[in-house]
Amino acid sequence: MSQWGGTYYQMTFTSASSMSKLLYESIMNINCFVMTIVVCSMTMAIWSGMLVGHCRKWLKYELLEAIWTAVPALLIWWISSMSFFVLYTNAEHKEPTYFYSVITGHQWYWTYQYALVNEKKEFFGFEHDSYGLLLDEPSSSDDETVLSKGDMYLMDVDLPFVIPQGMPGELLVASDDVIHSWSVPALGITVDAVPGRLNRSPILAKTVGVAYGHCRELCGVNHHAMPIVVEIVTPKTYMKFMEQDS
Amino acid sequence: WSGVFGLSLSHCMRIELSHPGEWLQVGYMYHSIMTMHAFMMIFFFVMPTSIGGLGNWFIPLMIKIKDLSMPRLNNLSVWLALGSLFLMCMAFLSSGGLGCGWTMYPPLSNSEFMDGLPIDLAVFSLHMAGMSSIAGSINFLVTIFNMRMGALFFMSLNPMLIWTLFGTSILLVTSVPVLAAGLTLLLLDRHFSTSFYYPEGGGDPILWQHLFWFFGHPEVYILILPAFGVISHILCRSSAKLHVFGKIGMSWASMGIAWMGFLVWGHHMFVAGLDIDTRAYFTAATLMIAVPTGVKVFNWLATIFGGVYSLKHSHPSTFWAIGFVLLFTIGGLTGVILANAALSTLLHDSYYVVAHFHYVLSMGAVFAIFGGFWFWFPFWTGMVPRKDLVLTHFMLTFIGVNFTFFPMHW
């Protein structure tokens, strides 16, 4: 969940990712509690022999066994309640969807199609491909397909995916060839791109910024080289972006 | 005896090609090595050693009979397993290699993307390995049912290893045919123009995922259940106790884990586009498996309590067993985190998953195999190994696996 070289979570842009992060922290809390108990019991158990001597007859104790069945069951019940809450909350928007995007996975790049509804209630939009930047010599001075100074290898793309801040949207993920997976942890979204299927994910980014992601399902030789860059821009910028290519 | 001994030794000696090469190569080589690593470790290291090796050697011993019920079926199982290993190595070495991952999701593993020999050889190899496992499991089940001392359901009689191998055999016999079905459909798709996994023909790649993981999840419990039995044996010997603490509870917990393992395959598919209620169900079912597993861990801790342990005087296999209890618990707790569908948007197909299963496998199943090996080494060979060397083995492995897999949690 951290980026390369990091040790903490990535910045959370959506409520989906911040709630997932909170859920992870809660469960990790419980886990550390359990692990502490296990380690302490282990230490006590190992040293007990030296302090108390052999205890070879202690082979069953039903009450204790009932307790260590019931208490984990309660903890699991608590974890599953939190988990269901996060799962169902992240699944749908309450507000009506403002923008749609169809993301198609190919071997080994992504295609983004943007769609908005104008005043005449018609869809308008355009599409573009998004390739990871190559580790090559630039063929000309403004070659956009090649890594230049300041770009991150295997993370930056030539044309990023643009979404507006604060407006609820829906991502529809499909695939042209094999199974890919569009995954941007900072947005809390991972959706498999399965051929013959259109998977959907709601999205609502709360702040502007840039989020990075990768393909998360083995799709062939360059599976590691089809990164995702999401630019979250203000709604005004988004409208200008949408009008440029209609 | 020598027949059984020979069979089990040949199973145990199938610890080959266990680790991918050190050099990094671009292109399909890395994926091929990664796929082979998974297949080798799962199907040719852990399964033959813990089920074939330990099962063949100990089921007759512990039920106090001379040999398993069907020795010729056993022999078939060995030869099928050898043939399977041969085919898998051929698959690795043939052109293109196996670049699809051990889960072999179509359409990547289908004919338009990975044409030719390697995947076909791997499919046949898995078919043979499956037949070998089914044959061995039928043998174990028949033996345990027919030749037990007293009634099977009088639970306090049987040693833990028998119980866990019994559970493993049931899991194998029931889940391997589903894998065989999925593999056959894949083979038909690749060569006979069927469209089980092609959406253009009305099929669905998700069908493979369901079939594979319906096998795949019991498969990982197959890998770990014999390890549970071994650890129970080592711990009750280390604590000088007659049997493991609360053995009836332990037997129930093992059977519970085995049965519940069939109900949770969907947690491998949380982001593939399942319905939200389906995801909620699989989250709940997967979380429930934590309860019997926790019972087992606490029972082991209680078994340790009251035994006399010290660095100088304890048998080396004790270290493996204690290491197992601690590290398998860590792996199990990361499994609890992964069980939640809500977190799979962050964690699906990430190194966190790799960390989880290596903790429960490299530090679960493998610790049990090494521990069991050193535990029963004097029994098998009549020779006593040098204690400081065995302890060195433990320390190096312990440090190595922890340094390798703990950082993957980030």
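**Getting to know a predicted model**

Reader: Where does B:Met104 lie?
Author: Elements here are DSSP runs numbered from the N terminus: helices (H or I, at least four residues) and strands (E, at least two). On that scheme, B:Met104 belongs to chain B, in the loop between α3 and α4.

Reader: What kind of model is this?
Author: Residues are numbered from 1 along each chain as its sequence is written, while chains are lettered from A and ligands numbered from 1 in the order in which they are written. Side-chain values use heavy atoms, with hydrogens and water left out; local features need pLDDT of at least 70, side-chain atom pairs count only at pLDDT 80 or more, totals for chains, interfaces and linings use all residues, and this is a predicted model.

Reader: How far apart do the C-alpha centres of domain 1 and domain 2 of chain A lie?
Author: Chain A is divided into domain 1 (15-91) and domain 2 (99-245), with bounds from an automatic or database domain assignment. Between their C-alpha centres, the distance is 40 Å.

Reader: How many residues does the contact take from domain 2 of chain A?
Author: Contact means heavy atoms within 4.5 Å. Domain 1 of chain A puts in six residues, and domain 2 of chain A puts in seven residues.

Reader: Which residues in domain 1 of chain A lose the most area to domain 2 of chain A?
Author: The area buried between the two domains of chain A (accessible area, 1.4 Å probe, that two parts lose on being put together, summed over both) is about 370 Å², and carbon and sulfur atoms give 42% of that. On the domain 1 side, three residues together make up 73% of what is buried: A:Ser15, A:Ser17 and A:Ala91.

Reader: Which element gives the most to the side of domain 1 of chain A that touches domain 2 of chain A?
Author: Two elements of chain A give two or more residues to that side, α1 (15-52) and α2 (62-91). With four residues, the one that gives the most is α1(A).

Reader: What does the UniProt annotation covering residues 27-47 and 67-88 of chain A say?
Author: Over residues 27-47 of chain A the chain is 100% helix and 0% strand, with the end C-alpha atoms 30 Å apart. Residues 67-88 of chain A are also 100% helix and 0% strand, and there the end C-alpha atoms are 32 Å apart. UniProt positions use the numbering here, feature names are shortened, and annotations may be inferred rather than shown by experiment. The unreviewed UniProt entry labels both stretches "transmembrane region".

Reader: Which residue of chain A forms a salt bridge with A:Glu92?
Author: A salt bridge is a side-chain nitrogen of Lys or Arg within 4 Å of a carboxyl oxygen of Asp or Glu. For A:Glu92, the closest N and O atoms are 3.4 Å apart, and the partner is A:Arg200.

Reader: How many residues apart in sequence are the parts that the pair A:Arg200 and A:Glu92 ties together?
Author: A:Arg200 is in strand β9 (residues 199-203) of chain A, whereas A:Glu92 is in the loop between α2 and β1 (99-106) of chain A. The pair therefore links parts whose separation in sequence is 108 residues.

Reader: Now the two chains: which residues in chain B lose the most area to chain A?
Author: The contact takes 74 residues from chain B and 67 residues from chain A. About 6,000 Å² is buried between them, 72% of it from carbon and sulfur atoms. In chain B, three residues together account for 11% of what that side buries: B:Phe245, B:Phe298 and B:Leu346.

Reader: What forms a salt bridge with B:Asp204?
Author: Across the interface of chain B and chain A there is one salt bridge. Its closest N and O atoms are 3.6 Å apart, and the partner of B:Asp204 is A:Arg197.
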